[in-house]
Amino acid sequence: MMTNLFSIFDPSTNIFNLPLNWLSTMLGLLFIPFSFWLIPNRHQMLWNFISIKLHNEFKILLGNNNKSIGSTFIFISLFFFILFNNFLGLFPYIFTSTSHLNMSLSISLTFWLSFMFYGWINNTKHMFIHMIPQGTPSVLMPFMVMIETISNIIRPGTLAIRLTANMITGHLLITLLSSMGNSINFYLISFLIFMQILLLILESMVAIIQSYVISILSTLYSSEVN
């Protein structure tokens, strides 16, 4: 039962032994550019509104300078990329790439390595100072260095697991409710459909929240190395 349950996350579309499910992560690149050539509509206004709000918030976290203004677009792109893939997985028979660790870990590890290389090469002194909080007693300094180092190393793993676990949980609940359709009473089907609609609404909220959390945490990690 557990094997069949988790098999919904397995890539299943293959042509010439090439997994085509992962191509769904790039579908946003096909649709998004065309929207900039259209006459402004509600969707375009909503897109611009969200982008401006995120830009202003990320700019505050990164510091109001010329470098932070350009850096915010990286994290805005990260937000929309994860959001698109999270929502895409809610549609039937569409592969959910963000429910796999190799996808989420690739994103978080890439950003984390970029921050670490930039910080240790350009701001070496600041990176050493950041390992020991101000006012730490001399006896506790070696332990604080170990704790800060470990907490820094596990950051990409926590980001990846957070995104993957939240996406898997909701999809498993929806799958479990769907599998009960053949074994319940006819009068309970309406209740089952109602519960699935609530779960879809909840999963939509989770898709937005997780995209926002990943982008905010990545912005905070970036601000620590500057």
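Q: Hi! Leaving aside neighbours within four places in sequence, which residues is F111 in contact with?
A: Hello! Setting those neighbours aside, F111 is in contact with I74, F75 and L78. Contact here means heavy atoms within 4.5 Å.

Q: What sort of model is this, and how are residues numbered?
A: This is a predicted model, where local features need pLDDT of at least 70, side-chain atom pairs count only at pLDDT 80 or more, and totals for chains, interfaces and linings use all residues. Residues are numbered from 1 along each chain as its sequence is written, and side-chain values use heavy atoms, with hydrogens and water left out.

Q: Thanks. Where is F111 placed?
A: F111 sits in helix α5, residues 101-122. Helices (H or I, at least four residues) and strands (E, at least two) are DSSP runs, numbered from the N terminus.

Q: And is F111 buried or exposed?
A: F111 is buried, as its relative accessible area is 18%. Buried means under 20% relative accessible area, exposed means over 50%, and partly exposed is in between (1.4 Å probe, protein chains only).

Q: What separates the C-alpha atoms of F111 and T219?
A: A distance of 9.8 Å separates those C-alpha atoms, while F111 and T219 are 108 residues apart along the chain.

Q: Let's zoom out. How many helices and strands are in the chain?
A: The chain has nine helices and two strands. Along the sequence, the pattern reads α-β-β-α-α-α-α-α-α-α-α.

Q: How much of the chain is buried?
A: Of the 226 residues in the chain, 33% are buried. The chain exposes about 14700 Å², and carbon and sulfur atoms supply 74% of that. Accessible areas come from the Shrake-Rupley method with a 1.4 Å probe; for residues, only the protein chains shown count as cover.

Q: Which residues touch the most other members in the largest nonpolar core?
A: That core has 25 residues, and F58, F75, L78, F111, F115, M116 and I214 touch the most other members. The elements that give two or more residues to this core are α3 (42-62), α4 (66-88), α5, α8 (155-179) and α9. Helix α4 gives the most, with seven residues. A nonpolar core is a set of buried Ala, Val, Leu, Ile, Met, Phe, Trp, Tyr and Cys residues joined through side-chain atoms within 4.5 Å.

Q: What about I214, which residues is that one in contact with?
A: Leaving aside neighbours within four places in sequence, I214 is in contact with L78, I82, L159 and L163.

Q: Which residues do ring pairs link into a cluster?
A: The cluster links F58, F75, F111 and F115.

Q: And why is the F79 and F80 pair edge-to-face?
A: The ring centres of F79 and F80 are 5.3 Å apart and the planes are at 75°, so the pair is edge-to-face. F79 is buried at 5% relative accessibility, and F80 is buried at 11%.

Q: New topic: how many salt bridges does the structure hold?
A: It holds one salt bridge. The side chains of E224 and R155 meet there, at 2.8 Å, N to O. E224 lies in helix α9 and R155 in helix α8, so the pair ties together parts that are 69 residues apart in sequence. A salt bridge is a side-chain nitrogen of Lys or Arg within 4 Å of a carboxyl oxygen of Asp or Glu.

Q: Are those two residues buried or partly exposed?
A: E224 is partly exposed, with a relative accessible area of 24%, whereas R155 is buried at 16%.

Technical notes: Rings of Phe, Tyr and Trp (its six-membered ring) pair if their centres lie within 6.5 Å; planes under 30 degrees apart count as stacked, over 60 as edge-to-face and the rest as tilted.
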